[in-house]
Amino acid sequence: MDSTKQNEFATKYTAAWCSQNAASVAAFFAEDGSFKINDGNQSVGRKAITASVQDFMTAFPDLVVKMHRLTVNGTQAEYHRTLTGTNTGPGGTGKIVRISGFEEWRFGPDGLIAASKGQFDATDYQRQLNASTKGS
């Protein structure tokens, strides 16, 4: 996949995250692809990835994802992004969260993501979720 196609792929992936349609995110993964964020459980297969993404979309119904850059090295890439949303889903805190991080992608022969390992600052995320209204 050339760099133009890789950037188009990442741009469409970003739009899928903003769509509130979890299955559209999972469609970027190989049928048996995997998705893991920080030390969380690994989701394997599109059905599991859809469920994992849906949990996040439900927690943040106004989720917006912004891609910052994509660096590619052969069949591997780093997708850098910032997620912003208000935690108003069931049991939510009502707090606005803005977290930056990245996903390390490994592409399969079909040009889809075979494995994605994401990272973000979990401590900062929890601080934002639990911030008091005063001074936040």
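View 1. Helices (H or I, at least four residues) and strands (E, at least two) are DSSP runs here, numbered from the N terminus. On a 1 Å grid over the protein atoms alone, a cavity is a set of points where a 1.4 Å probe fits but cannot get out; a pocket is an open set with protein on both sides within 12 Å along at least five of seven lines, and lining residues have an atom within 4 Å of a point. The structure has one cavity of 30 Å³ or more. Its lining includes Phe 56, Leu 83, Ile 99 and Tyr 125. β4 and β5 are the elements that give two or more residues to that lining.

This is a predicted model, so to speak: local features need pLDDT of at least 70, side-chain atom pairs count only at pLDDT 80 or more, and totals for chains, interfaces and linings use all residues. Residues are numbered from 1 along each chain as its sequence is written, and side-chain values use heavy atoms, with hydrogens and water left out.

**View 2. The largest pocket holds about 340 Å³ of space.** For volumes, grid points are joined across faces, edges and corners, and the space filled by probe spheres set on the points is what counts. Of the 18 lining residues, Trp 17, Phe 35, Ile 37, Phe 56 and Phe 120 sit nearest the pocket's centre. α3 gives the most to this lining, with four residues.

**View 3. Helix α3 runs over residues 46–59.** Its 14 residues reach 20 Å from first C-alpha to last, close to the 20 Å expected at 1.5 Å a residue (that is, 1.5 Å times one less than the number of residues). Ile 49, Val 53 and Met 57 are buried, meaning under 20% relative accessible area, with exposed over 50% and partly exposed in between (1.4 Å probe, protein chains only). They cover an arc of only 70 degrees around the axis, so they end up on the same side of α3; the arc is taken from the directions from the helix axis to the C-beta atoms. On the face turned away from the buried side you'll find the exposed residues Lys 47 and Asp 55.

**View 4. Val 53 touches Trp 17, Ala 22, Val 25 and Phe 35, leaving aside residues up to four places away in sequence.** Contact means heavy atoms within 4.5 Å.

**View 5. Lys 47 counts as exposed because its relative accessibility is 76%.**
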